[in-house]
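Hi everyone, thanks for coming. Let's take a walk through a structure that may be new to you.

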Amino acid sequence: MKIAVMSDFHFGYNDDALTQAGDALRKARGLADFVIAAGDLFDSRIPRQEVVNDSVRLLKDHNRRTNVDSLKITVLEGDGGDGEKAVDRIPVIAIYGTHERRTKGLVNAVQVLDSAGLVLNAHARTIVVEKGGERVAVQGMGGVPEEQAAEHLRLLSQKPLAGAFNIFVFHQSLKEVISVGEGMSASELPPGFDVYVDGHIHWAQELKSQGKRILLPGSTVVTQMKESETGPKGFYLLDTASGEASFVKIESRQFFFSEIAFENASPSEVERKAREKLAEILVQAGGRVPLVKLKLRGTLEKGIQAQNIDLGGVEKDFAERMALAIDKEFASEELREKIELLRRLRDEKKSVREMGLAVLKKKLSEAGNGGAALKAEELFELLAEGEVGKALEIV
Ligand SMILES: [Mn+2]
């Protein structure tokens, strides 16, 4: 069978969310027997009615009849099953993500779509899809807080189904992809599945870890203007016969991430270089208004603070031609010096007291008070004791 593996539509985030998920589903209709959507179909726990309406219409359209061979679907829940039924459409098997997750006892948006017959909820269930004697079993776990993922997996204790191609779908951060934070590790996933599908991470990649093959299709829309989201958007088309997974690109709004580093720059230099860069991006971007994140960093000339850099004019001039976000991450020369000193002290593994003493010595020398610098230790002790008057006498 051929399976379109996609994730993170984020319906309601912006207009692109709907059109780009729509393009993914449209392309999947011509290529796949069924679709897997690995969570965050919606951008929020309680989406607005307008968002629900648009999404339902999109999924309803996707669920219209096809003229291809019908599939047989069986949903196994706990000990029982709900009997097999034939469907002549391209079903969407989904789990909820971190954006839809709600407290136990409350209904999440994926359950609503399941009740409406628009998706099949795979959380804590096994959904068996049969076609021409081949069986694919999809099981999943909806998104949970990272630190609870391993415990939830242990409680669910899902196992592959004998005689089937087995897929496990989840929606968590993975240590193998993002090394910082509290993500789970591939070693904590239930063993024995042929393919694992993970949502949540917004850029596409395929990875092998601990003997497990994990497909991360990424989001179909840019929601965080981070460098990692500049890659192509789309879905994996997994062929269970060959085991191959190929990436199918969708029509997505172009996203440019650009960074300019400055050294002792003046406000006019910052503005000039920002304008040049944005003009360059406009030449590269064809057609639709692109998303642009411009990051300005480095140092400004002495006496100039980041708040003195006013790029309101630049933003206004480019407003109609791009969706622009400018990040100013300037460190003042003074701040940079302090950071450097602290970094050096940290590398030398000095105590807080030693660091404080070194800062004091440096400041006194800079102020041209060499005499006081020689007595820095004494001064430091006096200041630490709150004897400001005595300290001032020395200075
Ligand atoms: Mn997401």
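How far apart do the C-alpha centres of domain 2 and domain 3 lie? What you see is a predicted model. The domain assignment of the protein chain gives domain 1 as residues 2-249, domain 2 as 255-331 and domain 3 as 334-394. And here is the distance I asked about: 38 Å separates the C-alpha centres of domain 2 and domain 3.

Now let's look inside. The largest nonpolar core is made of 82 residues. Which residues have the most contacts inside this core? They are Val5, Val35, Ile36, Ala37, Ile93 and Val169. Helix α1, residues 15-29, gives the most to the core, with 6 residues. Two domains share in it: at least three residues come from domain 1 (2-249), and at least three from domain 2 (255-331).

Let's pick out Val35 from that group. Leaving aside residues up to four places away in sequence, Val35 touches Ala4, Met6, Leu25, Ala28, Ile90, Val92 and Ile93. Ile93 is also on the list of residues with the most contacts inside the core.

Please turn next to a pair of helices. Helix α8 covers residues 352-366 and helix α10 covers residues 376-384. They pack at an angle of about 120°, and their axes are 10 Å apart. Is the crossing of α8 and α10 left-handed or right-handed? It is right-handed. On the α8 side, the residues that meet α10 are Gly356, Leu357, Leu360, Lys361 and Leu364. Their partners in α10 are Ala376, Glu377, Leu379 and Phe380. Sorted by class, this contact has 6 nonpolar residues, 1 polar and 2 charged.

Finally, two backbone details in loops. Ala124 has a positive phi of about 55°, although it is not a glycine. You will find Ala124 in the loop between β7 (120-121) and β8 (125-131). His200 is not a glycine either, and has a positive phi of about 75°. His200 is in the loop between β11 (195-198) and β12 (205-209).

Is His200 buried or exposed? His200 has 25 other C-beta atoms within 10 Å, so it counts as buried, given that the cut-off for buried is 20 or more. Ala124 has 16 other C-beta atoms within 10 Å and is therefore partly exposed.

That's my tour, and I'm happy to go back to any part of it.

Notes:
Residues are numbered from 1 along each chain as its sequence is written. This is a predicted model: local features need pLDDT of at least 70, side-chain atom pairs count only at pLDDT 80 or more; totals for chains, interfaces and linings use all residues. Axes are lines fitted to C-alpha atoms, for helices over the stretch in contact, and angles run from 0 to 180 degrees between N-to-C directions. Helices (H or I, at least four residues) and strands (E, at least two) are DSSP runs, numbered from the N terminus. A crossing is left-handed if the near helix is turned anticlockwise from the far one by less than a right angle, and right-handed if clockwise. Two residues are in contact if their C-beta atoms, placed from the backbone, lie within 7 Å. Ala, Val, Leu, Ile, Met, Phe, Trp, Tyr, Cys and Pro count as nonpolar, Asp, Glu, Lys and Arg as charged, and the others, Gly among them, as polar. Domain bounds come from an automatic or database domain assignment. A nonpolar core is a set of buried Ala, Val, Leu, Ile, Met, Phe, Trp, Tyr and Cys residues joined through C-beta atoms within 7 Å. A residue is buried if 20 or more other C-beta atoms lie within 10 Å of its own, exposed if 12 or fewer, and partly exposed in between; C-beta atoms are placed from the backbone.
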